[in-house]
Amino acid sequence: MNTQTIAQRLQAKKSLLFTTLSIARDRGLVRYDDSYQLFDFEIAGLDAIGCVRGSYDEVSVKAIVQPTALGRQRARSVLLNAKFRARIGAAWTCGWLDRATGRFIEVTGDFHAANHITPRLARMTFTKDRRAEHLPATELPHVHQEAPS
């Protein structure tokens with residue numbers, strides 16, 4: 001049974017998207033050459049994998065928390081419904097950042113998470129520049145770069 005409130009789900013999705021994009025930006029992975037950039041990171045003490053893809057108008061952002069082997073394999077193309085979430089990881093989301101406005105598009109959909117993950121992500125706090133306060137400043141990136149298929 002899903003015990004997540006709509007407000008919790010929206011906040012958890014925003015936390016995951018902002019953190020993923022912030023880390024990608026800090027690591028210099030947001031490029032506008034239409035290539036996928038995969039990278040590992042940590043969010044709220046949990047392992048995660050992110051994927052960004054920049055194009056002329058928008059930046060695609062995807063993230064999987066506690067990814068399974070299948071989740072790691074499919075991180076570039078993960079657009080799944082809730083019934084497949086457990087096969088991909090504990091939580092996943094996707095969103096698109098409009099380059100012209102700097103705002104996320106469609107932040108209310110495409111978030112699926114286990115009941116114990118959503119409150120953990122929703123409780124995250126951010127500094128004024130939208131960086132998650134818990135992220136270690138000295139974290140070294142482990143970057144996977146793959147050519148688009």
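What follows is a walk through helices, strands, cores and salt bridges.

Before you click, know that this is a predicted model, where local features need pLDDT of at least 70, side-chain atom pairs count only at pLDDT 80 or more, and totals for chains, interfaces and linings use all residues. Numbering starts from 1 along each chain as its sequence is written, and side-chain values use heavy atoms, with hydrogens and water left out.

**Stop 1: helix α1**

Select residues 6-26. This is α1, with 21 residues; helices here are DSSP runs (H or I, at least four residues) and strands likewise (E, at least two), numbered from the N terminus. From first C-alpha to last, α1 reaches 30 Å, close to the 30 Å expected at 1.5 Å a residue (the expected span is 1.5 Å times one less than the number of residues). Now colour its buried residues, including Ala 12, Ser 15, Leu 16 and Phe 18. Buried means under 20% relative accessible area, exposed over 50%, and partly exposed in between (1.4 Å probe, protein chains only). Step just past the end of α1 and you get to Gly 28, which has a positive phi of about 75°.

**Stop 2: the nonpolar cores**

Which residues have the most contacts inside the largest nonpolar core? Show Leu 16, Phe 41, Ile 43, Ile 117 and Leu 121; the core they sit in has 28 residues. Such a core is a set of buried Ala, Val, Leu, Ile, Met, Phe, Trp, Tyr and Cys residues joined through side-chain atoms within 4.5 Å. At least two residues each come from α1, β1, β2, β3, β4, β6 and α4, and α1 gives the most, with six. Zoom in on Leu 121: not counting residues up to four places away in sequence, Leu 121 touches Ala 12, Ser 15, Leu 16, Ile 43, Ala 44, Val 65 and Phe 111 (contact means heavy atoms within 4.5 Å).

Leaving aside neighbours within four places in sequence, its contacts include Gln 8, Ala 12 and Phe 111.

**Stop 3**

Select β3, residues 58-65. Seven of its eight residues are buried. On one flank, β2 runs antiparallel to β3, joined by seven bridges, and a hairpin connects the two through three residues. β3 also pairs with β4 in the antiparallel sense, over eight bridges (strands pair if DSSP finds at least two bridges between them). Click Ala 63: its bridge partners include Gly 50 and, in β4, Thr 93.

**Stop 4: the salt bridges**

How many salt bridges does the structure hold? Three, each a side-chain nitrogen of Lys or Arg within 4 Å of a carboxyl oxygen of Asp or Glu.

- Arg 72 and Asp 40 meet at 2.8 Å, N to O. Arg 72 is in helix α2 (residues 69-73) and Asp 40 in strand β1, so the pair ties together parts 32 residues apart in sequence. Asp 40 is buried at 17%, while Arg 72 is partly exposed at 36%.
- Arg 53 and Asp 34 meet at 3.0 Å, N to O. This pair links strand β2 to the loop between α1 and β1, 19 residues apart.
- Asp 26 and Arg 25 meet at 3.3 Å, N to O. Asp 26 is partly exposed at 46%, and Arg 25 at 45%.
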